[in-house]
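Me: Here is a structure I would like to go through. Could you answer a few questions about how its helices pack?

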Amino acid sequence: MRASHMAIIVASAPPFFTAVSTVSTLIASDYSSLSDTMSMLAGPSIPHPWVFQCGVVGYALLIQCLGPLLYRQAGRGWHGASLWTLVLLYSLAGIMAAVFRDGYDAPALGHISENAIHDLLARISFSAVVLLIFFAPWALRHQQGWHIWRYFSLTVGLLTIGLMIPFQVEVWPSYLGLLQRVLFTTTMLWILVTALMLRSKLSNRLVQD
């Protein structure tokens with residue numbers, strides 16, 4: 001598959017997720033976008049939780065192409081393999097976080113509740129994308145034409161960490177959902193911009209690895 005086509009697939013992931021999550025929010029009458037996290041769109045009180053689950057799984061599948069693109073751009077080797085691994089971890093942990101839903105206290109694995117498994121997987125997925133945001137600029141630090149993108153990545157990474165701290169400690173519980181949406185926006189913006197950068201740099205090359 002040509003790199004430009006793969007990059008377009010990756011770039012379509014953020015708008016796809018935004019569209020599906022918007023639909024999920026509109027059909028959830030007892031849901032608050034300000035206080036409730038997005039995971040609760042698949043919670044026990046939501047009439048059609050599968051809609052949001054499909055959005056998460058679809059997003060995770062669409063960003064799979066980012067792995068080979070970064071691998072190709074990084075010149076293969078361990079830098080590229082590490083970037084690809086982080087993309088896989090971000091994606092696969094996100095899919096599993098959609099399978100194990102938030103708000104369900106029944107045991108799913110032994111005595112561990114479905115809710116606890118979801119929380120762990122969601123943290124793994126988010127940690128992977130944060131690491132990716134910081135490691136990708138370092139892996140591409142010697143390449144020309146990526147100067148502005150590297151500063152952009154650093155800014156997005158620091159902003160994401162700055163927002164993640166009050167989210168994790170629930171400083172503003174009444175605005176927990178809004179804070180999470182901003183976090184999702186920063187990471188998906190990085191995915192979108194990076195995909196467009198890779199499309200312009202790799203042009204019509206074939207990615208066959």
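Me: At what angle do helix α6 and helix α8 pack, and what does that make α6 to α8?
Reply: In this predicted model, α6 (residues 114–139) and α8 (residues 176–202) have axes 11 Å apart. Axes are lines fitted to C-alpha atoms, for helices over the stretch in contact, and angles run from 0 to 180 degrees between N-to-C directions. The angle is about 45°. Under 35 degrees counts as roughly parallel, over 145 as roughly antiparallel, 65 to 115 as roughly perpendicular and the rest as oblique, so α6 is oblique to α8.

Me: How do the residues of the contact of α6 with α8 divide by class?
Reply: Contact means heavy atoms within 4.5 Å. From α6 come Phe 126, Val 129, Leu 132, Ile 133 and Ala 136, and from α8 Leu 183, Thr 187 and Trp 190. Ala, Val, Leu, Ile, Met, Phe, Trp, Tyr, Cys and Pro count as nonpolar, Asp, Glu, Lys and Arg as charged, and the others, Gly among them, as polar. The division is 7 nonpolar, 1 polar and no charged.

Me: What does the crossing angle make α2 to α3?
Reply: The axes of α2 (residues 13–27) and α3 come within 9 Å. They cross at roughly 175°. That makes α2 to α3 roughly antiparallel.

Me: Which element has the highest mean pLDDT?
Reply: pLDDT is the predictor's confidence in each residue, from 0 to 100, and the chain's mean is 91. Strand β1 (residues 107–109) has the lowest mean among the elements, 80. The highest, 96, belongs to helix α3 (residues 49–62).

How values were computed. Residues are numbered from 1 along each chain as its sequence is written. This is a predicted model: local features need pLDDT of at least 70, side-chain atom pairs count only at pLDDT 80 or more; totals for chains, interfaces and linings use all residues. Side-chain values use heavy atoms; hydrogens and water are left out. Helices (H or I, at least four residues) and strands (E, at least two) are DSSP runs, numbered from the N terminus.
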